[in-house]
Amino acid sequence: MSEVIVFEASDAHVLRRAWRWMLVAGLGSLLPCIPGDDASAVEHAVSLGALLVAASTLLAAWSLRRLISDDGRDLVHLRRAMVHLRTALVLKAVAMAVVVIGSVFAIATMGTLVLLQLAS
Amino acid sequence: MDLSLSDRERALARHLAVASRWLGIATLTCGVGLLLYTAVFLVLTVPAVGPVAGVMWILVGLALVGLALAWQGTRALEAGRAFGELVEMPWSGMVAAAFGRIGAYFMVDACIFLAPIVLAVAVCGVAIVGGLQ
């Protein structure tokens, strides 16, 4: 028989709010996942990063949803939630690496082009 | 309410604490780097050619994203601290604090991804209304 976790009303409110916003965040992150017809390599990298961000956020949101559901407030669910969250954080780290490399490349290109244009 | 976590759960919480801290440091670095890039770009271009409207708007956007990333990084660091405390002193309030903070970390992504879309729709809306009038 596993131990049941009893959340205070304010804590449960924080978790419910976090779960809803994470769902919005995950679905919102899906929007930039679709690259245009003539997308460059950088845009493809950003789309892939956004897809990974969306996946990690939705996974983290799902872990939270399981934790706060009426039949989920025990240590077994806490353990599963933590496993899902760990996977979500790993995905997020990969997504960040992809987005950061793509963005640094895009920003550096844009900056160089603007500086060249302003200099001429 | 105090909880008695098993070794497996403590190990998971420890992993989450480490992962959150590293992600927080990486995100904070990205945010501060973006802010520095914006500042250096401003210092290099504005005295030479004056403020150019299009470039200024892009720089404002980059600075806002930098600020959002920096705040996001602090949330992840806080979550890392909360998971660390969960290992030392497990109780239900700390579970909520840790998951709530990591939730805030993920929420910032929505702002970063959705803000340009909302802004574009708003600008299009204003332009259409202006055109109709």
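A salt bridge is a side-chain nitrogen of Lys or Arg within 4 Å of a carboxyl oxygen of Asp or Glu. The exercises below concern a predicted model.

**Exercise 1.** Determine how many salt bridges are counted between chain B and chain A, and identify the side chains of A:Arg79 and B:Glu9 as a test case.

Solution.
- Step 1. The side chains of A:Arg79 and B:Glu9 lie 3.0 Å apart, N to O.
- Step 2. The cut-off is 4 Å, so the pair A:Arg79 and B:Glu9 is a salt bridge.
- Step 3. Between chain B and chain A the count is 1 salt bridge.
- Step 4. Over all chains, the whole structure holds 3 salt bridges. A:Arg79 belongs to helix 3 of chain A and B:Glu9 to helix 1 (residues 7–49) of chain B, so this pair joins two chains.

**Exercise 2.** Describe the contact between chain B and chain A by residues and by buried area.

Solution.
- Step 1. Chain B contributes 44 residues to the contact and chain A contributes 45 residues.
- Step 2. About 3,800 Å² is buried between the two chains, and carbon and sulfur atoms give 83% of that area.
- Step 3. On the chain B side, B:Phe99, B:Phe106 and B:Phe113 lose the most area to chain A; together they make up 18% of what that side buries.

**Exercise 3.** Work out how helix 1 (residues 9–30) and helix 2 (residues 41–68) of chain A are arranged.

Solution.
- Step 1. The axes of helix 1 and helix 2 of chain A come within 8 Å and cross at roughly 155 degrees.
- Step 2. Angles over 145 degrees count as roughly antiparallel, and helix 1 and helix 2 of chain A are therefore roughly antiparallel to each other.
- Step 3. The crossing of these two helices is left-handed.
- Step 4. Residues of helix 1 in the contact include A:Trp19, A:Met22 and A:Leu23, while those of helix 2 include A:Ala54, A:Thr57 and A:Leu58.
- Step 5. Sorted by class, this contact of helix 1 with helix 2 of chain A has 17 nonpolar, 3 polar and 2 charged residues.

**Exercise 4.** Repeat the analysis for helix 2 and helix 3 (residues 75–119) of chain A.

Solution.
- Step 1. The two axes come within 8 Å, with a crossing angle of roughly 165 degrees.
- Step 2. That angle makes helix 2 of chain A roughly antiparallel to helix 3 of chain A.
- Step 3. Helix 2 passes helix 3 in a left-handed crossing.
- Step 4. The contact of helix 2 with helix 3 of chain A has 23 nonpolar, 7 polar and 3 charged residues.

**Exercise 5.** Characterise the packing of helix 3 of chain A and helix 2 (residues 53–88) of chain B.

Solution.
- Step 1. The axes come within 14 Å and cross at roughly 155 degrees.
- Step 2. Helix 3 of chain A is therefore roughly antiparallel to helix 2 of chain B.
- Step 3. The crossing of the two helices is left-handed.
- Step 4. Helix 3 of chain A makes the contact through A:Leu85, A:Lys92, A:Ile107, A:Met110 and A:Val114, and helix 2 of chain B through B:Val55, B:Ile58, B:Leu62, B:Gln72 and B:Phe83.
- Step 5. By class, this contact has 8 nonpolar, 1 polar and 1 charged residues.

How values were computed. Residues are numbered from 1 along each chain as its sequence is written. Chains are lettered from A and ligands numbered from 1 in the order in which they are written. This is a predicted model: local features need pLDDT of at least 70, side-chain atom pairs count only at pLDDT 80 or more; totals for chains, interfaces and linings use all residues. Side-chain values use heavy atoms; hydrogens and water are left out. Axes are lines fitted to C-alpha atoms, for helices over the stretch in contact, and angles run from 0 to 180 degrees between N-to-C directions. Helices (H or I, at least four residues) and strands (E, at least two) are DSSP runs, numbered from the N terminus. Angles under 35 degrees count as roughly parallel, over 145 as roughly antiparallel, 65 to 115 as roughly perpendicular and the rest as oblique. A crossing is left-handed if the near helix is turned anticlockwise from the far one by less than a right angle, and right-handed if clockwise. Contact means heavy atoms within 4.5 Å. Ala, Val, Leu, Ile, Met, Phe, Trp, Tyr, Cys and Pro count as nonpolar, Asp, Glu, Lys and Arg as charged, and the others, Gly among them, as polar. Buried area is the accessible area (1.4 Å probe) that two parts lose on being put together, summed over both.
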